[in-house]
Amino acid sequence: MHKRLLPVAMRILIVTETLVLGGAETFVLRLARRLRIDGYAAEILCLNPDLENAALVAQYPDVPIHRLPMTGLRTVKRIDRVMQRLGIDLDLQQRRAARWVGRNLAARYDVYHGNLFGADWLLTLVKRRHQEMKIVSTLHGDYVLYEASRPGTETSRILHWRAKLADVLASVDHWVTISPAQHHQFVETFRVDPAILADIPNGYAPSNAIPPPAQRHGAATRFVMVARGMREKGWGFLVAAFARLEGDVSLTLIGEGAYLDELKRQSRVTNIHFTGAHPNPVELIGQSDSFIHPSIYAAESMPTVIVEALFAGLPVIATDIGSVATMIAAPSGELAGQLLVPNEATLVDDLTAAMQAYVDDPALRARHAALAPAAFAKFDMGRCAAAYASLYAEVTTSSSTKASH
C-alpha cells in the first residue's frame, strides 16, 4: 500500500534587522506565526541579535528564529561606525552577514522576505551569488528617510545610498507598500514598475490573550499613548496639551528612550503615568478610553499602535500623517476618532481641543469607539497572511519583470 505524498509547504524566510518593540519588527513575528498556522514553513532571520527584546521574542516560542552569530559582531559594528565617520564604506557587518547567509540559508527557501532597507541590502548581496533567489520586500518608512536625508533622532546615514538603492531595486522581485506615499515614491521617484508593487495593509493579532478591561474606579477619562521614545512621535506635544485639560483625566505613556526619560524628569503634571516599554502594549491600551498618536515623524506609514487601539475598541486622536486617515476610517467613511493637522505650531492647541471634546462629551467618544471594530477589520491578520501567501506564490511561479523604467 503506497503512502499518499503530501504537498511540501512553501518555505519562507522573513528577514528583519532586529526584533524590538517597533511596528516593523512586531509585524514580522505576527506574520510568521500566522503563516505557520496556515500551513506554511515560515521562519525568521534576525540580523542584529544583540539588540533583540527578549520579552517580545519570548511571546513567540512557536516561531523558529535564526540569528547571525554573535561572536565578533560588536567589534565589526564598531569598525563600521569608525570607518563611516571617516567616509569609508567598509560595510563589514553586512558583507560578513551575507557570507554566513550564503553558506547556511541560501537555497533553503522558496521566498526571502525583507523588512527595512538593511534586510533588503543583505539579501541583495546574497543574491549576487545566488541568482535564483526570489525576494519580496515590505516597506515600513525608512526608504523615505534615507532618500530625503531628513533629520531625526532615528536617522542614520547610509554611505553610497543611491548606488545601493539601485542594486536593491534591481534585486527585489516584488514590493509591498503600506501607504500611498510609499507607492508614489517608488513609482514616481524610483521609477519602479507598478506591476511589481502590491498594497497589503499590515495585519494584527495580539501575541497573547488580552485580559478584559479592569474594573473602572472613578469617572476619569483615561488617555493612552504608545510609541518609540523619540521626539518626533509627539510625546512633548501631548504632555503639554494634557496639562491644559479640565476635568477628571489621566494619561498613560507607554514607551522607553532618552527623550521620554527627560520628559518624565521635567514633567510636573499630575495623573501622568510613565510605564516604560511593554512587550504586549494592547493589554494596557485596552484599559483606557481613548488613544492618542500626535506624530510628526516624516517616515510614518502605518503605525501598528493605531491598529492595536482599534483592535481594543478605542477611538483614536491622531495627526493626519502617513496612512492614518484611511486606518481609522470605517467602510462607511466615518472616522473612529479625530484627525489633526501635523503642524508643530498648532498641535498643542489642536490636541487640547480634541481631548477636551472627549472629556466633555462621552457620547461623542462612544460613537467614535463604536466605529473602531469596523475600521480594524481591514487589518485582520488572517486576511494579511493570505494576501502574502498569494504574493509569494505569484513570485515563485512567474518571472517577475523587476526592471525599472
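**Exercise 1. Describe how helices α9 and α14 cross.**

Step 1: Find the two helices. α9 covers residues 235-242 and α14 covers residues 347-360. Helices here are DSSP runs (H or I, at least four residues), numbered from the N terminus.

Step 2: Take the axes. They come within 8 Å and cross at roughly 55°. Axes are lines fitted to C-alpha atoms over the stretch in contact, and angles run from 0 to 180 degrees between N-to-C directions.

Step 3: Classify the angle. Under 35 degrees is roughly parallel, over 145 roughly antiparallel, 65 to 115 roughly perpendicular, and the rest oblique. Therefore α9 and α14 are oblique to each other.

Step 4: List the contact (heavy atoms within 4.5 Å). α9 gives Phe 237, Leu 238, Ala 240, Ala 241 and Phe 242. α14 gives Leu 347, Val 348, Leu 351, Thr 352 and Met 355.

The model is predicted: local features need pLDDT of at least 70, side-chain atom pairs count only at pLDDT 80 or more, and totals for chains, interfaces and linings use all residues. Residues are numbered from 1 along each chain as its sequence is written, and side-chain values use heavy atoms, without hydrogens and water.

**Exercise 2. Decide whether Thr 352 is buried or exposed, and find its contacts.**

Step 1: Locate Thr 352. It is in helix α14.

Step 2: Apply the cut-offs. Buried means under 20% relative accessible area, exposed over 50%, partly exposed in between (1.4 Å probe, protein chains only). Thr 352 has 14% relative accessibility, so it counts as buried.

Step 3: Set aside neighbours within four places in sequence. Thr 352 then contacts Ala 241, Arg 244 and Leu 245.
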